[in-house]
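Colleague: I have a model open on my screen. Walk me through reading it, one feature at a time.

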Amino acid sequence: MESQTEQPLQGKEFWEEHYGQAERIWSGKVNPTLAEILEPLPAGRALDLGCGEGGDAFWLASRGWQVTGVDISQTAIERARETARHLSADSGSVQFIAADLETWSDERRFDLVTLSFFHAPFEFQRNAILGKALGRLAPGGRMVVLSHGSHPVSQAAAHHDHDHDHGGQQGPNLVTVDSELRSLGVPADGFQILQATTVQRMITGPDGHPATIEDVVVVLRAADRP
Ligand SMILES: C[S@@+](CC[C@H](N)C(=O)[O-])C[C@H]1O[C@@H](n2cnc3c(N)ncnc32)[C@H](O)[C@@H]1O
């Protein structure tokens, strides 16, 4: 009998399997770097691409933003919707959409577009999605892309990013500031790069050992007139 080699999961199937591993995958807490960047901004319309279970979206909504979160995983989106139902009325306005960003289209323009840890341990149309995301900005709008620049460096042999475990067993594909700017393909006209840096943060591994992890942060601003 012919034996069939099992192909690793990709795309929607990968993410459904990933979210199916536990009742909640992410901490639900906003990343401190993201919070620091967004705190001074006046609230408006925000779009969180690859929003997962909605941690960043709820933080934005609690600060008065009208937020749309989009994710390919129906499971993640259902969890986000369930959280929204349990939140009080003053938590702002959030809407969650289950869709593949490779094909999702929406005519609305946003004052803020965020992508937090939009990684996967397999090839996908990341650059195309980032490029399309630029086009969703309203005049004067900002885009904030936060990505993994390193794996956690821990004293322990087995370590794990508790706050954001991105990408499952194989680990995420890492980026640099330069590769991220190339991926975004920022046009020379019409956008200003406000920040393109690497920041370090401390995380705690499951064994309690401290670990350092690097995040790549890119912040862009669309021109006031298109
Ligand atoms: C590493 S997780 C990050 C989740 C969340 N932003 C966070 O910081 O915790 C990446 C997310 O992107 C979503 N994703 C990956 N490819 C996608 C696609 N093509 N369209 C929509 N969402 C996608 C996954 O389902 C997953 O929730």
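Modeller: Start at the ligand. The residues of the shell around the ligand comprise 11 nonpolar, nine polar and three charged. Here Ala, Val, Leu, Ile, Met, Phe, Trp, Tyr, Cys and Pro count as nonpolar, Asp, Glu, Lys and Arg as charged, and the others, Gly among them, as polar. Before we go on: this is a predicted model, where local features need pLDDT of at least 70, side-chain atom pairs count only at pLDDT 80 or more, and totals for chains, interfaces and linings use all residues. Residues are numbered from 1 along each chain as its sequence is written.

Colleague: Which residues come nearest to the ligand?

Modeller: A residue is near a molecule if its C-beta atom, placed from the backbone, lies within 6 Å of it. There are 23 residues around the ligand, and G50, G52, I72, L101 and S116 come nearest.

Colleague: How many helices and strands are there in the protein?

Modeller: Both are DSSP runs, numbered from the N terminus: helices are H or I with at least four residues, strands are E with at least two. This protein has six helices and eight strands. The pattern along the sequence is α-α-β-α-β-α-β-β-α-β-β-α-β-β.

Colleague: What share of the residues is buried?

Modeller: Count neighbours. A residue is buried if 20 or more other C-beta atoms lie within 10 Å of its own, exposed if 12 or fewer, and partly exposed in between, with C-beta atoms placed from the backbone. Buried residues are 35% of the 226 in the protein. Take two cases. L38 sits in helix α2 (residues 32-38). L38 counts as buried because it has 21 C-beta neighbours inside 10 Å. A128 is in helix α5. A128 has 13 such neighbours inside 10 Å, so it counts as partly exposed.

Colleague: What does L38 touch?

Modeller: Not counting residues up to four places away in sequence, L38 touches L60 and V144. L38 and R142 are 104 residues apart along the chain, yet their C-alpha atoms are separated by 9.7 Å. Across the protein, take contacts with a separation of 6 or more: 75% of them join residues 24 or more positions apart.

Colleague: Which residues have the most contacts inside the largest nonpolar core?

Modeller: In soluble globular proteins, nonpolar side chains tend to be buried together. A nonpolar core is a set of buried Ala, Val, Leu, Ile, Met, Phe, Trp, Tyr and Cys residues joined through C-beta atoms within 7 Å. The largest one has 48 residues, and L49, A57, L60 and V113 have the most contacts inside it. Look at V113. Beyond its neighbours within four places in sequence, V113 contacts L47, L49, A133, R136, L137, G141 and M143.

Colleague: How do β4 and β5 pair, parallel or antiparallel?

Modeller: Two strands pair if DSSP finds at least two bridges between them. β4 and β5 are parallel, with six bridges. V113 has M143 in β5 as its bridge partner. The chain runs from β4 through α5 to β5, a right-handed β-α-β crossover. Right-handed means that, with the strands pointing away from the viewer, the path from the first strand over the helix to the second runs clockwise. β5 also pairs antiparallel with strand β8 (residues 210-222), over seven bridges. There L146 stands opposite V217.

Colleague: Why is β5 largely enclosed?

Modeller: Strand β5 (residues 137-148) has nine buried residues out of 12, so the rest of the structure largely encloses it. Strand β2 (residues 66-71) is mostly covered too, with five of its six residues buried. β2 pairs in the parallel sense with strand β1 (residues 45-49) over five bridges. It is also parallel to strand β3 (residues 93-98), over six bridges. β1, helix α3 (residues 55-62) and β2 form a right-handed β-α-β unit.

Colleague: What is the phi of F117?

Modeller: Most residues other than glycine have a negative phi. F117 has a positive phi of about 55°, although it is not a glycine. F117 lies in the loop between β4 (110-116) and α5 (126-134). F117 is buried, because 22 other C-beta atoms lie within 10 Å.

Definitions and conventions
Contact = placed C-beta atoms within 7 Å.
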